[in-house]
Structure formats: structure tokens, C-alpha cells
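Have a look at the structure below. Then let's go through a few questions on how its descriptions are reached.

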Amino acid sequence: MKSNDETIGDAAGRFGLETHVLRHWEDQGLLRPARDAAGRRLFGEDDLVRIAVILRNKAAGMSLDQIRVLLDEDAPDRHRVLEEHVAELDRRAADIAQARAMTEHALRCRAHDITECPRFRSHIEDVLSGQARWLVVHTEPPVPAPGTPRELA
């Protein structure tokens with residue numbers, strides 16, 4: 001064990017995760033920690049960077065499948081997956097900007113019932129007309145709790 005290697009408990013604690021999450025990510029091929037002579041996982045600097053990349057990209061809405069492609073420089077569809085994610089981030093940013101403008105208008109509006117304000121309603125015209133494109137949320141299968149048999153996971 002190198003002096004800067006961390007046990008699974010230390011690595012999980014550093015990021016506020018349960019150890020079973022790191023085991024799940026290893027099962028999914030996202031992590032490949034070294035093992036000591038007793039078979040215990042050892043997380044080096046490169047592993048910790050990968051964990052940080054996974055966390056940052058999950059927070060940005062990427063699925064584990066997308067993150068696996070991101071981390072695999074040899075993935076044949078890497079650019080397509082990443083370009084699709086950038087486009088999705090752009091759509092989400094536009095949705096957030098629209099929600100912010102709507103909220104700011106509501107803060108300044110004198111209308112007693114905000115839904116009756118014609119200028120406020122302009123912020124939701126695309127939704128009313130059915131033309132709004134709704135964000136597709138990627139959902140991950142739940143990470144099995146420690147001790148859960150794989151066939152139930």
C-alpha cells in the first residue's frame with residue numbers, strides 16, 4: 001500500500017458516499033482500484049479523480065452509461081454521447097433561464113393572481129401550446145444496499 005492510497009472506507013468518506021456505491025461503480029466498470037495482498041481495495045490518486053469526475057457528471061445529469069463512455073477514450077461513440085449531453089445541458093440552461101425570468105417577473109408583478117397577468121403568461125406560452133420540449137431525466141437503477149443478493153439488485 002502506497003502512503004497516499006486510501007481504503008474503500010476512506011475514499012467513500014472523502015466524498016460523503018457509502019462504500020457500496022463505490023463497489024457498484026466498480027461493478028459497472030467505472031472504477032478499477034488496486035488490491036492489496038488480502039484483496040482489499042486500494043484507491044490511489046487516479047481512482048479518486050475518477051470518483052470526482054463521476055460525481056460531477058452525475059450532478060450534471062449524466063447517467064452511469066454516459067459517464068462510462070466519457071471515461072473510456074476508446075469508446076467508438078464517445079463524441080456522439082458527449083455532444084448529445086452538451087445539447088441537453090444547453091436545453092436545461094435555457095429552461096433555467098426561462099424559469100428565472102418568470103420568477104423575477106413574479107417578484108415585480110402587481111397582479112393579484114399571477115396567472116392572470118398577460119406578461120407573466122407569455123413565459124409559459126410554449127407550455128400552453130404544447131410546444132415545450134420537456135427534459136428527459138436519466139434515472140439510474142438504485143444502488144443495492146450492502147448484503148442484497150445480486151439477483152435482487
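**How the chain is described**

Read along the sequence, this chain follows the pattern α-α-β-β-α-α-α-α-α. The model is a predicted one, and its secondary structure comes to 7 helices and 2 strands.

Q: What makes a residue such as Asp5 count as buried?
A: Buried means under 20% relative accessible area. Asp5 has a relative accessible area of 13%, so Asp5 is buried. You can find Asp5 in the segment before helix H1 (8–15). Setting aside residues up to four places away in sequence, Asp5 touches Leu42, Phe43 and Gly44. For the chain as a whole, 28% of the 153 residues count as buried.

Q: Why is Thr103 called partly exposed?
A: The label lies between buried, under 20%, and exposed, over 50%. Thr103 has a relative accessible area of 48%, so Thr103 is partly exposed. Thr103 has its place in helix H5. His123 is 20 residues from Thr103 in sequence, and the two C-alpha atoms are 9.8 Å apart in space.

Q: How do you know that the end-to-end distance of helix H5 agrees with its number of residues?
A: Helix H5 covers residues 78–108, which is 31 residues. The expected span is 1.5 Å times one less than the number of residues, which gives 45 Å for H5. The end C-alpha atoms of H5 are 45 Å apart, so the two values agree.

Q: Which residues of H5 are buried, and what covers them?
A: The buried residues of H5 are Val81, His85, Glu88 and His105. Their cover includes H4 and helix H6 (118–121). As for the spacing of residues along a helix, an α-helix has 3.6 residues a turn, so residues three or four places apart point the same way.

Q: Why are H1 and H2 called roughly perpendicular?
A: Angles of 65 to 115 degrees count as roughly perpendicular. H1 and H2 pack at an angle of about 105 degrees, with their axes 8 Å apart. That angle falls within the range, so H1 is roughly perpendicular to H2. On the H1 side the contact is made by Ile8, Gly9, Ala11 and Ala12, and on the H2 side by Thr19, Leu22 and Arg23.

Q: Which residues of H2 are buried, and what covers them?
A: His20, Val21, Leu22, His24, Trp25 and Glu26 are the buried residues of H2. Among the elements covering them are H1, strand S1 (34–35), strand S2 (41–42), H3 and H4. After H2 comes Gly29, with a positive phi near 85 degrees.

Q: Which members of the largest nonpolar core touch the most other members?
A: This core has 17 residues, and Leu22, Trp25, Phe43, Ile51 and Ile54 touch the most other members. The elements giving two or more residues to the core are H1, helix H2 (19–27), helix H3 (45–59) and helix H4 (64–71). H4 supplies the largest share, 4 residues. Leu22, leaving aside its neighbours within four places in sequence, is in contact with Ile8, Ala11, Ala12, Leu17, Leu31, Phe43 and Ile51.

Conventions. Residues numbered from 1 in each chain as written. Predicted model: local features only at pLDDT ≥ 70, side-chain atom pairs only at ≥ 80, totals over all residues. Heavy atoms only, no water. Buried < 20%, exposed > 50% of the residue type's maximum accessible area, 1.4 Å probe, protein only. Contact = heavy atoms within 4.5 Å. Core = buried A, V, L, I, M, F, W, Y, C linked by side-chain atoms within 4.5 Å. Axes fitted to C-alpha atoms, helices over the stretch in contact; angles between N-to-C directions. Parallel < 35°, antiparallel > 145°, perpendicular 65-115°, else oblique.
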